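Please keep the structure open while reading.

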Amino acid sequence: MQQTAKKSNVVKQLRIEKLGFSLLTILSIATVIPIIAVVIYIIYLGAPAISWEFVSAMPSDGMRAGGIWPAIVGTFYLTIGTAIFSVPLGIAAAIYLSEYAPVNKVTQAIRLAIINLAGIPSVVYGLFGLGLFVIFLNFGTSILSASLTLSIMTLPVIISTTEEALRAVPQSFRVVSVSLGATKWQTIWRLVLPQAIPGILTGVVLGLERAAGETAPILFTGAAFFLPRLPNSPLDATMALPYHLFVISTQVPGMPIQIQYGTVLVLLVFVLIMNIIVTVIRSRARAKRQW
Amino acid sequence: MKENQTRNFEKIITRTIQFSGYSSILFVLLILFFLLSEGTPALFDVKLSQLFSERWYPIEDYFGILPLILGSMVVTLGASLVAVPFGILTAVYIAEIAPKWLQEIMKPLVELLAGLPSVVLGFLGILVVSPFLRDTLNLPTGLTALTGSLLLGGIAIPTIVSISEDALNNVPDSYRHGSLALGLTRWQTIWGVTVPAAKSGILMAVMLGVGRTIGETMTVMMVTGNAPIMPTSLQALFMPIRTMTATIASEMGEVATGSPHYHVLFFIGMVLFLFTLLVNVIASNISSRKLKRSERILS
Amino acid sequence: MDKIIVENLSITYSDGVESLFDINLRIPINQITALIGPSGGGKSTLLRVLNRLNDLADVSKTTGKVLIDGIDVLDPTLDVIALRRKVGIVFSRPLPLPLSIYQNVSYGLELMGEKRKIVLDNAVERALRLAELWDELKERLHDPANSISGGQQQRLCLARTLSLQPEIIMLDEPTSALDPVSTAKIETSLIELKKDFTVIIAPHNTQQAGRIADQVAFFLQGKLIEFSSAEEIFTRPKDKKTQDYISGKFG
């Protein structure tokens, strides 16, 4: 009697489990299907717009014709500019936190600051960049101002992924290195950093991907609405892909839909390439790792 | 001589690295300083009662930021309603149930969503989501708070999924094995043991995801219609709305530096900063509390 | 002649574990000195004081004197890097660096700024020969160090320590992770090595001390209970606790 009751309870639980698993499967697939759909949709509608002229010519006829070359170049410059400031600073800050920082109030404050930087809305970075770089330091609306703004925004991503990568390197390597007469910096430079490189690269690429896709921080610090020439110096304003997409999809009446989809596709391809780079770095590092 | 050189180099490097470490504090203080110095004059330019009134119409000097704050809240709330259940359940599925090969497909897809620029989502919102909502719900316009919520949900999901998934993966396998050994099903184990054990990590994921939606700018600016209307009832979800972020982004380009309007926009930036600060401090408190507990268990 | 003189050495860690209390010890040159006793007794701490690896740990207080060749090791102004090159250490687990076999051995020399290939080649060969690894590995010097067996890895670590031509070699339970054959090889090397070096070992059991040690120090709960020649300790221990430990009453 009790035996059968137990048994039927088990059967019931297994049935619930089966039902629950199916439900979660459907829900999760419902979460990721739109992502695939978006990718296919953009490729399908954007591909016809892509031509050599589209990616290599200046825009003309109030952006309603021609290409998006200056926006591509502009985004490239902004990404490079962001990397120049944020990569060395971010890696150095991560080295400090992982290898040097004592456990005390100051370190705690640094961590709180980083969490904070990560949470500040991108448009607030825009305000800050406007206040500090454009007006106070008088860099004007320029690639320089925009890159500096973007690098501070990117910093927390680079710091936290790099710190994680450094901490993953076993402590014993450091002890062995020091026991062989290495200074702290020699240990970091010769042993710890090379081991952490894949993790650091992943963080750098993810950070720069975000920076390159951002619009709000460059709105008032460096983005040009329409500038059918390439920037001449870091103090020039520039067109940028995401901002250009915003402009042509909301600010220009009578915009041919094809050009809009073409621009989205170029942005998407850029994001896909960055993501593939990250995936390749990760899987290669996993295969090569010696610990 | 050479030893001396090495030592000096070591000293310089150490100083440089230490300074870089401190730089984050410097940047937060700088941001705070510039927001305060450009934002607080708003309190002198505009009466406090005016500032927190219901009318935002800067051309005629109406600077009531209340509809903007509430607008941000409505969109954030709506986005959370989408992102929290979908995000957590997807994380549970990926971490606990999905077969290995499906994990390998789903994780990069979620990461791809995280990498999509917010203008791309806004663009899709204008061309796909809003016409769809307008037609199916029979609305006068598809650019509504609801459209913004749905798309912002998409922005918060990757954050919630990846942090929750980490939290679930950090639950030791012995917990699961213990529960399974007692004859509980995997389903019972997930909800009775694993998810409760990862609770604080999941809570942190939710906070950070919500933090992202409050600060999101381009998508909401493109799809919510940008009408500064006070949301007073549930009906507001189906009407255009305007958030703090969209207001700054769309108006800062046109104001004169130093004008009351300029200062008020910075003031809104301050309010946003405080909101996200609050969310992040709560989130980091959750995580440090978790740390302390696990340390106690280990020692 | 005494290579190392320890006088009234006391150490407390911040968290209070494995401290040392008032240690006095004279370690003779060109002999193998074994530090025995239950774990947590202070052996590792003593080894890590001798080349200041303790600087990396959370030590709250150190008093007393440690003299190597008459120079006080605990002096804060001492050149620690030079000290660590002079006093090498091999750890209880084989810890090859994530580099090639060759690079593991040349690592210490490269840190000193040595770049000449011929010098490095010679040093690597010499160190590998001393650790009796040369014949086994000379064909595959550029393979990753973790591709060799655990026993070979530990001898590689010994070679790495020897490459710096230290004067003192310390080994902290070097064979605890190894099989009997590898253990025997290391022990043979050590007996060979004492002609040129001063060897201090925390053996992973008393039998090992019996096989190779000239001098034996027995540590219990941070105190040095007894220190004399191996023969003396194993046949006529003065202290009751030493006798109990050696005969296996506790451990």
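## Nonpolar core

This is a predicted model. Its largest nonpolar core has 249 residues. Within that core, I160(B) and A159(C) have the most contacts. In general, nonpolar side chains of soluble globular proteins tend to be buried together.

Setting aside neighbours within four places in sequence, A159(C) is in contact with V105(C), A127(C), L128(C), L130(C), A131(C) and L133(C).

## Chain C as a whole

Chain C has 10 helices and 10 strands. Its radius of gyration is 18 Å, close to the 18 Å that the globule rule gives for 251 residues, so chain C is as compact as a globular protein of that length. The C-alpha trace of chain C spans about 55 × 45 × 35 Å along its principal axes.

Of the 251 residues in chain C, 45% count as buried. Take the contacts in chain C with a separation of 6 or more: 70% of them come from residues 24 or more positions apart.

## The six-stranded sheet

An open sheet of six strands runs in the order β6-β7-β8-β3-β9-β10 in chain C. Its pairing is mixed. The edges are β6 (87-90) and β10 of chain C, and each of these pairs on one side only. On average, neighbouring strands of this sheet are turned by 15 degrees against each other, direction ignored.

Four bridges link β6(C) with β7 (residues 168-172) of chain C, in the parallel sense. Here G88(C) has I169(C) in β7(C) as its bridge partner. As a general point, strands of a sheet pair through backbone hydrogen bonds, either parallel or antiparallel.

Is β9(C) buried or exposed? Six of the six residues of this strand (residues 215-220) are buried, so β9(C) is largely enclosed by the rest of the structure. Both of its faces are covered. Q215(C), A217(C) and F219(C) are buried on one side. V216(C), F218(C) and L220(C) are buried on the other.

Now the pairings of β9(C). Strand β3 (residues 32-36) of chain C runs parallel to β9(C) and is joined to it by four bridges. I36(C) stands opposite F218(C) in β9(C). Strand β10 (residues 223-229) of chain C runs antiparallel to β9(C), with six bridges between them. L220(C) has K223(C) in β10(C) as its bridge partner.

β9(C) and β10(C) form a hairpin, with two residues between the strands. In the turn, Q221(C) has a positive phi of about 45 degrees.

## Contacts between chains

Chain B touches chain A through 67 residues, which are in contact with 64 residues of chain A. Helix α1 (residues 2-39) of chain B supplies the largest share of the chain B side, 19 residues. By class, that side divides into 42 nonpolar, 21 polar and four charged residues.

Chain A also meets chain C. Here 15 residues of chain A are in contact with 17 residues of chain C. On the chain A side, α7 (171-179) and α8 (184-213) each supply at least two residues. α7(A) gives the most, with six residues. The chain A side has eight nonpolar, seven polar and no charged residues.

Note on methods: Residues are numbered from 1 along each chain as its sequence is written. Chains are lettered from A and ligands numbered from 1 in the order in which they are written. This is a predicted model: local features need pLDDT of at least 70, side-chain atom pairs count only at pLDDT 80 or more; totals for chains, interfaces and linings use all residues. Two residues are in contact if their C-beta atoms, placed from the backbone, lie within 7 Å. Ala, Val, Leu, Ile, Met, Phe, Trp, Tyr, Cys and Pro count as nonpolar, Asp, Glu, Lys and Arg as charged, and the others, Gly among them, as polar. A nonpolar core is a set of buried Ala, Val, Leu, Ile, Met, Phe, Trp, Tyr and Cys residues joined through C-beta atoms within 7 Å. A residue is buried if 20 or more other C-beta atoms lie within 10 Å of its own, exposed if 12 or fewer, and partly exposed in between; C-beta atoms are placed from the backbone. Two strands pair if DSSP finds at least two bridges between them. The radius of gyration is taken over C-alpha atoms; the globule rule is 2.2 Å times the number of residues to the power 0.38. Axes are lines fitted to C-alpha atoms, for helices over the stretch in contact, and angles run from 0 to 180 degrees between N-to-C directions.
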